[in-house]
Structure formats: C-alpha cells, structure tokens
Amino acid sequence: MSAQSQIRRKTVTDIAKAKGGAPLVCLTAYDAQVAQLLDPYCDILLVGDSLGMVVHGLPSTVGVTMDMMILHGQAVMRGSSQAFVVVDMPFGSYETNSDQAFLNAARLMQETGCQAVKIESGTYAAKQIAHMVERGIPVMGHVGLRPQAINVDGGFRAKGRTESEWARAIAEAVAADQAGAFAIVVEGVAPDLADEITASVSCPTIGIGASAGCDGQILVTNDLLGMTDWVPKFVKKNADLKSVISTAAKTYSEEVKSRSFPGADQTYRLRKAAKS
Ligand code: KIV
C-alpha cells in the first residue's frame, strides 16, 4: 500500500473531539481540483449549497437541487483524501418529515461517498436530526442566519439583534445538539451570541460571521480567494484571484489576437525521419 493511500480520512469522532480544543479549519469546496488544494489544510470540506450562487450563478441557494449536490459531492470526494467531507442537503429535501430527510440524506451519502450531511436547522428540524442520526447518518446543524430562509427573512440578514432572535438562535442550537448533531454551523450572529451558543452546546460550533471563540471557522472558499468584487463584512480575503484570472485572460486575448500564441514552445514539430 502506498503512503498516500494509507492516509486516513478524519472521522466524525475526530471532529466531535475538537470541542474546546484547537479550532477546526473548514472551507467549502465544489470541485475536485480545488478540493485537492484545500484538503491538506482542512479538517472539514463542506460541499455547501452556496455552490448554487458561486458556481451556477443563481440568486440564492433556494434553487439548488439534489442532483447538483450529488455531482459536486462526488467531485470533492475524488479530489480529497484526508478531510472530513460534509454535503449540504438542499432546500426542500428534508423539511417535510423525517422519512424524506433520511431518504435524501442516504442518497447523498450513497451516491457521493461523503461522511455526513448538513441541514439548516430551525427548532422544528430536531426530529429530522434525531431520526437520521439514529439510522446512521451524521448530521451537522446550521443556525443563526439560514440562507435557505431568505425569502421569509427578506434577505441575508444577521441574526440575534433582538431579544427574541437571540433566544431563538440559542434554542435552535440547543435543539440540534440535543437531537444528536455532531457539529453546528453558527452563521451571521454577534460574537457574544456565538460565544453563548458555543457554551450552551456539547458539540463543536463552526463560526461564519460569528466569533473567534467558536470551536472552528468556515468560509466560502471563493470569498477567501477574492473571486468577487463584493464580499461580506466577515470575510478576510487571503488572495485576489479575480485579478489573477482577469489578467491571465486579458494577456491570452492579446496574444491570440497578435498571433504570438501559440509560439514555438506550444506547437508540435515534425519528427526527423529515422535513418534506415
Ligand atoms: O452553503 C454553504 O457554503 C454554507 C456555509 C456558508 C456554512 O452553508
């Protein structure tokens, strides 16, 4: 067996053990090449339904389908070897009842080989989480700002700014934790609220626009890489790939138009005839 194939993927136990320890490093991934680059540095790769907006140009995550999640989940599994891979359950695939949630989660796991699923978990979803976990599916919760709910929220809005929203975010997290979620994404809440959630649950919290006190952090990779002009306040761009890609495309365009591409190095030459 090669050294490469002996690398073991992280497991749900490794993730759960991180509560209160070194922060979990998590990023989204949507394709095999980027997954391969991120894999050595990440505890968790999330095939987020943000792929609807980031990869497919949709206005929100609401239009994402099971088939889209499966296609991208398969690619990320092929590209990664050590990170724990979680695939998002898309809007409409788990809310109706526990059987619907289990059957769709089982399909995601069987067809992608991923190790867990994530649902945006209002308190109502505790039943679905418990049902899936009891039947062998590790579930990650997602509380605070829930992008699949933008149509009731009236847009992407930070949560916990009123007392009732504050209490609701804590109730959602505690419900997911007690139902057996192995980790919970906490999105778009003030640091004090994120810290209270982290202290109130037994599983690790993964913050995005939340608090450095969470048990881990996650970002949408394309935001981290600077692929767009606008990024949310909570993103720190660690690269400017938008400029890199634009410059490369502009240079290519100029070289094609001037016929300086392809040059001698990029073209094939006739082989010299072998002497008889
Ligand atoms: O879909 C996604 O990318 C997510 C992360 C932002 C947590 O849910």
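Helices in these legends are DSSP runs of H or I with at least four residues, strands are DSSP runs of E with at least two, and both are numbered from the N terminus. The structure is a predicted model, in which local features need pLDDT of at least 70, side-chain atom pairs count only at pLDDT 80 or more, and totals for chains, interfaces and linings use all residues. Residues are numbered from 1 along each chain as its sequence is written, and side-chain values use heavy atoms, with hydrogens and water left out.

**View 1. Helix H9 and what covers it.**
The 17 residues of H9 should span 24 Å at 1.5 Å a residue, and the end C-alpha atoms of H9 are 24 Å apart, which agrees; the expected span is taken as 1.5 Å times one less than the number of residues. The residues of H9 that are buried are Ala169, Ile170, Glu172, Ala173, Ala175, Ala176, Asp177 and Ala179, where buried means under 20% relative accessible area, exposed means over 50%, and partly exposed lies in between, with a 1.4 Å probe and protein chains only. The cover over these buried residues includes helix H7 (126-134), strand S5 (139-144), strand S6 and helix H10 (191-200), with contact meaning heavy atoms within 4.5 Å. Just after H9 comes Gly180, which takes a positive phi of about 110°.

Which residues of H7 are buried? They are Ala126, Gln128, Ile129, His131 and Met132. Among the elements that cover the buried residues of H7 are helix H6 (98-112), strand S4 (116-118), S5 and H9. Just after H7, a positive phi of about 100° is found at Gly136.

A pair of aromatic rings is described by the distance of the centres and the angle of the planes. Rings of Phe, Tyr and Trp (for Trp, its six-membered ring) pair if their centres lie within 6.5 Å, and planes under 30 degrees apart count as stacked, over 60 as edge-to-face and the rest as tilted. Two aromatic pairs are found in a search of the whole structure. In one of them, the ring centres of Phe84 and Phe182 are 5.5 Å apart and the ring planes stand at 75°, so this pair is edge-to-face. The pair links distant parts of the chain, 98 residues apart, since Phe84 is in strand S3 (residues 84-88), while Phe182 is in the loop between helix H9 (163-179) and strand S6 (183-187). Both Phe84 and Phe182 are buried.

The peptide bond from Phe261 to Pro262 is cis, with omega near 0°, and Pro262 has its place in the segment after H12. Arg259 also lies in the segment after H12, and the phi of Arg259 is near 60°, a positive value in a residue other than glycine. With a relative accessible area of 75%, Arg259 is exposed.

**View 2. Salt bridges of Arg107.**
A salt bridge is a side-chain nitrogen of Lys or Arg within 4 Å of a carboxyl oxygen of Asp or Glu, and by this rule the count comes to twelve salt bridges. Arg107 forms a salt bridge with Asp67, in which the closest N and O atoms are 2.8 Å apart. This pair links distant parts of the chain, with Arg107 in helix H6 and Asp67 in helix H5 (residues 66-79), 40 residues apart. Arg107 also forms a salt bridge with Glu111, with the closest N and O atoms 3.0 Å apart; Arg107 and Glu111 both lie in helix H6, four residues apart, or about one turn of the helix. Arg107 is partly exposed at a relative accessible area of 28%, Asp67 is exposed at 52%, and Glu111 counts as partly exposed at 38%.

**View 3. The salt bridge of Asp43 and Lys10.**
The closest N and O atoms in the salt bridge between Asp43 and Lys10 are 3.7 Å apart. Asp43 lies in the loop between helix H3 (32-38) and strand S2 (44-47), and Lys10 in the loop between helix H1 (3-6) and helix H2 (12-17), so the pair ties together parts that are 33 residues apart in sequence. Asp43 counts as buried at 16% relative accessibility, whereas Lys10 counts as partly exposed at 22%.
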